[in-house]
Amino acid sequence: MKKVMLVFGTRPEAIKMCPLVKEFQKRADEFETIVCVTGQHREMLDQVLKIFEVTPDIDLNIMKQGQDLTDVTVRILNGMRDVFKECRPDVVLVHGDTTTSTAAALAAFYAQIPVGHVEAGLRTHNIYSPWPEEMNRQVTGRIAAYNFAPTPLSEKNLIEEKAMGKIYVTGNTVIDALHLVVNKLKEDAVLAEEQDAILLNAGYDVTRLADGKKLVLITGHRRENFGEGFIRMVTAMKDLSEKYPEVDFVYPMHLNPNVRKPIHEVFGEDLTRPNFFFIEPLQYLEFVHLMSKSTIVLTDSGGIQEEAPGLGKPVLVMRDTTERPEALDAGTVKLVGTDYDKIVTEVSCLLDDAAYYDTMSKAVNPYGDGLACGRIVNVLR
C-alpha cells in the first residue's frame with residue numbers, strides 16, 4: 001500500500017486539496033492517506049476543512065502574531081522535518097504557490113521523499129508579481145518529481161524550463177471543488193437557505209436580487225496592490241456604485257488593515273451606502289453561493305479566475321499580470337490592473353452591453369471538467 005501525505009496550510013490550498021483527499025480516501029485499499037496542515041491560515045483553513053469534512057492527521061499550527069515570511073518558512077521546515085522523522089510517506093503532495101507548499105516541498109527534498117506538485121506550471125515570469133507566489137511555484141517546480149499541470153500552457157511552461165519531474169495535464173482541482181459545493185447547494189434546499197441567512201447576517205440580503213437585479217461581487221487583498229493601487233481600486237468601485245445606483249456592489253472585506261484602511265479613506269468611517277455593501281469575510285460555501293448569484297466578479301485573487309468562469313461569470317482582474325493567461329485567451333477574464341479608467345470602463349461595458357457580457361460569460365472555462373482529482377490519483381496508482 002502506498003503512503004501518500006498531502007500538505008497544505010491556507011484556505012485556497014485547502015479548497016483545492018480537500019477534493020483530492022476525498023478521492024484518495026475512496027481508494028483505501030490502495031493508499032494510506034495522511035493529511036498534514038500547517039495552519040498558515042488558521043481560522044479560514046479550519047472553515048474549509050469543515051465544509052469538505054476533512055480531519056487532519058497532523059497539525060503544525062505554525063502561525064504566531066507578527067511573523068514574516070522567513071519565520072513562517074523556518075517553522076514549516078522544522079515542523080516537517082520532525083513529521084518526516086516520525087512518518088515517512090512514499091510521496092508528499094503540495095499545492096500551488098504558498099510558503100507552505102514551497103517549505104514543505106523543500107523539507108521533503110531534504111528527506112529525499114518524492115514530491116508531487118498539484119497546480120504546477122503557472123507562471124508570470126516576473127518573480128516580484130505576484131510576490132512571493134511566483135518564486136514559490138518556480139522553486140517547488142524544480143523540486144517536484146510529479147508535476148500535475150492544470151492546462152497545456154502550464155505543461156508548456158514546465159517543458160520550456162526543463163522540469164526535472166514527469167508532467168501530467170490533469171485540469172485544476174478547484175473545478176472539482178466547485179462542482180462538489182454547487183451540487184451540494186442545489187441538492188440541499190435547507191443548506192442553501194442557511195447560506196442566505198449567513199449572508200444576511202454578514203451584511204447582505206440576497207433577496208434584493210429578485211427580478212433580475214445585477215450584482216458586482218468584489219474581492220481584493222493582494223499585497224502588491226497595497227497603497228496607491230488600493231486607493232485607485234476602491235475609488236473606481238465607489239464611483240461605479242454612484243453611476244449605477246440600481247446595481248448592488250458587495251465587497252467581503254479581508255481582515256488585513258492594509259485592505260480596510262484605504263476603504264475607509266475613500267468611503268469614510270461610515271461605510272453605509274444604499275447599494276454598496278461592505279461585509280465580513282465569507283467562508284467558502286457562502287462565497288460560492290454568493291458568486292453563483294453575481295453578475296460580474298471584480299477581483300485580484302488567483303483562484304477566482306478559475307472558479308467564476310465555471311459558473312459563467314465574467315471576471316475583471318485587478319492585477320497587472322496573471323499566471324492564468326489561459327482565461328485571458330479563452331475570453332473569460334480581462335486584466336484591468338489598478339487603473340481607475342480601465343476598471344470603470346470594463347465594468348460599465350459589462351453592465352451596459354448585453355452582447356459584450358454574453359461573449360465573456362459564455363466562453364468555455366479552460367481549467368477543466370471537474371475530474372482532475374481522479375487523474376492525479378490514477379497517476380500515483
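Student: Let's start with strand 10: are F276, F277, F278 and I279 buried or exposed?
Tutor: Keep in mind that we're looking at a predicted model. In a regular strand, side chains alternate between the two faces of the sheet. Here F276 and F278 sit on one side of strand 10, with F277 and I279 on the other. Both faces are covered, and the state of these four residues is buried.

Student: And which residue of strand 10 is the bridge partner of V250?
Tutor: Strand 9, residues 248–252, runs parallel to strand 10, and four bridges join them. For V250, the partner in strand 10 is F277.

Student: Okay, zooming out: why does the protein chain count as being as compact as a globular protein of that length?
Tutor: The chain holds 16 helices and 13 strands. For 381 residues the globule rule gives 21 Å, and the chain comes close to that, so it is as compact as a globular protein of that length. Its C-alpha trace spans about 60 × 45 × 40 Å along the principal axes.

Student: What share of the contacts between residues at least 6 apart in sequence joins residues at least 24 apart?
Tutor: For background, buried residues account for 56% of the 381 in the chain. As for contacts between residues at least 6 apart, the share joining residues at least 24 apart is 67%.

Student: How far apart do the centres of the positive and negative side chains lie?
Tutor: You've got 42 positive and 55 negative side chains to work with.

Student: Which strands stand at the edges of the seven-stranded open sheet?
Tutor: The order is 3-2-1-4-5-6-7, with parallel pairing. Two of the strands have a single partner each, so one side of each is left without a neighbour in the sheet. Those are strand 3 (58–59) and strand 7 (166–169).

Student: In that sheet, what does L6 pair with in strand 4?
Tutor: Strand 1 (residues 2–8) and strand 4 (residues 91–95) pair in the parallel sense over three bridges. The bridge partner of L6 in strand 4 is L93.

Student: Last one: is Y367 buried or exposed?
Tutor: Y367 is found in the loop between helix 15 (354–361) and helix 16 (372–380). Beyond its neighbours within four places in sequence, its contacts include T151, N172, Q305 and R324. The cut-off for burial is under 20% relative accessible area. Y367 has 1% relative accessibility, so it counts as buried.

How values were computed
Residues are numbered from 1 along each chain as its sequence is written. This is a predicted model: local features need pLDDT of at least 70, side-chain atom pairs count only at pLDDT 80 or more; totals for chains, interfaces and linings use all residues. Side-chain values use heavy atoms; hydrogens and water are left out. Buried means under 20% relative accessible area, exposed over 50%, partly exposed in between (1.4 Å probe, protein chains only). Two strands pair if DSSP finds at least two bridges between them. The radius of gyration is taken over C-alpha atoms; the globule rule is 2.2 Å times the number of residues to the power 0.38. Contact means heavy atoms within 4.5 Å. Lys and Arg count as positive and Asp and Glu as negative; His and the chain ends are not counted. The place of a charge is taken as NZ of Lys, CZ of Arg, CG of Asp or CD of Glu.
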